[in-house]
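Please keep the model open while going through the points.

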Amino acid sequence: MIKVRANACSLLLVIITFFSYSKVVAANSVLVGYWGYDEFLAKHPEESVLTSELKNIVKIDPVPLSIKQDKPIKISFIYPGEQASDYWVRNLIALESRLKALNIKYELTTVSTRLNIDFKEQSRSLYNAIDKKSDYLIFTLNTTRHRKFIEHVIQSPDTQIILQNITTPVKAWHDCQPLMYVGFDHVIGTKLLANYYQHKFPNGAKYGMLYYSYGYLSTARGDVFVQSMDNNKYTLTSSFYTEATRESAYSATQSILQDRSDVDFIYASSTDIALGAVDALNLFKDSQPLVNGWGGGSLELEAIENGTLDVTVMRMNDDTGVAMAEAIKLDLEGKQVPIVFSGDFEVITSDTTPEKIEALKERAFRYSDASLKDE
């Protein structure tokens, strides 16, 4: 077994040393200190089987919980919901919808924060989850501060952790991993975008890079892209870390185009960043580089349809909310939960037909769309 339950983790965590996020390119991955998603599954065939089984479960109709609950489980969900992307809101809706369909009794506490800003609020919420003896804590991992919080919570014998929006296990945690890493693998999505641009500009191109804020996501989405485009035909003219906001991307895009008006495309690392880049293009009528989205949420799909975005990788969004609910069910039934789960992507371009986009929306938002339309 790879996974060690939380009450055995406290001894293991004593020997863990923190590392800073590195820009050094490793032999096979820029994600220094993490197991790549495919790499991890190849190294652990038994985990690959569990992940495949969960993928199949996510796609079929729910099968109710097979055991009787003595009391509702307590779930704490702390997420960066204050952003243009509707990824997190949709995941929360899908999680609850699937829990109800599985006849799982639960009490849910949610905390929506600003990404990489509300550290005190995130910390307070995490410690409250421990004090309340939450059975399951859903959080994310993007910065070293997040990592500190998580390593503290892992020591709690009462709380299982599900890490959302990350699918690459932390190597330093050895056998003391969270219950599950779940999301849409950033490396897979980024390589799909790199493949698109390579086919779009087969003879080469100049491009600007808009990173996320400094941390895991910038490495997984930004550095992986640069590495994928690393040959003589593709030139990175300039790059900027943003604050992962529309406003900061707007300013950074102006800087890119003021320096080099001949860039062929601007790589954006998230929805908010993509929208900020598009806003800035209105100031530069003589320079209209292509801009990509990342995630394929509602705002990105609208931008694709109206011609302001050129391409995105669309996540089959609700799959991860469903996967978390099904993982909780497996855990309650005493069955093995896969350590990693990544949902599927579809590449959407300005040439994708409206009919295909609608069909993908029905698949991706099968739980969340109805709830959002009712609001």
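1. His-174 is located in the loop between strand 4 and strand 5. Helices (H or I, at least four residues) and strands (E, at least two) are DSSP runs, numbered from the N terminus. The phi angle of His-174 is near 50 degrees, which is positive although the residue is not glycine.

2. On the source: this is a predicted model, in which local features need pLDDT of at least 70 and side-chain atom pairs count only at pLDDT 80 or more, while totals for chains, interfaces and linings use all residues. Residues are numbered from 1 along each chain as its sequence is written, and side-chain values use heavy atoms, with hydrogens and water left out.

3. Asn-165 is placed in the loop between strand 4 (160–164) and strand 5 (180–183). Phi is positive here too, near 65 degrees, in a residue other than glycine. Asn-165 has a relative accessible area of 8% and is therefore buried (buried means under 20% relative accessible area, exposed over 50%, partly exposed in between, with a 1.4 Å probe and protein chains only).

4. Ser-269 sits in the loop between strand 8 and helix 10 (271–281). Its relative accessible area is 0%, so Ser-269 is buried. A polar atom of the Ser-269 side chain lies 2.8 Å from the backbone oxygen of Leu-210. Apart from neighbours within four places in sequence, Ser-269 is in contact (heavy atoms within 4.5 Å) with Met-209, Leu-210, Tyr-211, Tyr-212, Arg-221 and Trp-294.

5. Asp-318 belongs to helix 12 (residues 318–332). The Asp-318 side chain does reach the backbone nitrogen of Tyr-367, at 2.8 Å. Not counting residues up to four places away in sequence, Asp-318 touches several residues, among them Ala-94, Ala-364, Phe-365 and Ser-368.

6. How many salt bridges does the structure hold? There are 13. One of them joins Asp-262 and Lys-206, whose closest N and O atoms are 3.9 Å apart. This pair links distant parts of the chain, 56 residues apart: Asp-262 is in the loop between helix 9 (246–259) and strand 8 (265–268), and Lys-206 is in strand 6 (residues 205–211). Asp-262 counts as partly exposed because its relative accessibility is 36%; Lys-206, at 31%, also counts as partly exposed.

7. Glu-305 forms a salt bridge with Lys-361, the closest N and O atoms being 3.9 Å apart. Glu-305 has a relative accessible area of 44% and so is partly exposed.

8. Asp-344 and Arg-363 meet through their side chains in a salt bridge of 3.4 Å, N to O. Asp-344 lies in the loop between strand 11 (340–342) and strand 12 (345–349) and Arg-363 in helix 13, so the pair ties together parts 19 residues apart in sequence. Asp-344 is partly exposed at 25% relative accessibility, and Arg-363 is partly exposed at 34%. Through shared partners, salt bridges join Lys-55, Asp-344, Glu-346 and Arg-363 into one network.

How values were computed:
A polar contact is a pair of N or O atoms within 3.5 Å; within protein, one must be able to donate a hydrogen and the other to accept it, and residues adjacent in sequence count only if both atoms are side-chain atoms. A salt bridge is a side-chain nitrogen of Lys or Arg within 4 Å of a carboxyl oxygen of Asp or Glu.
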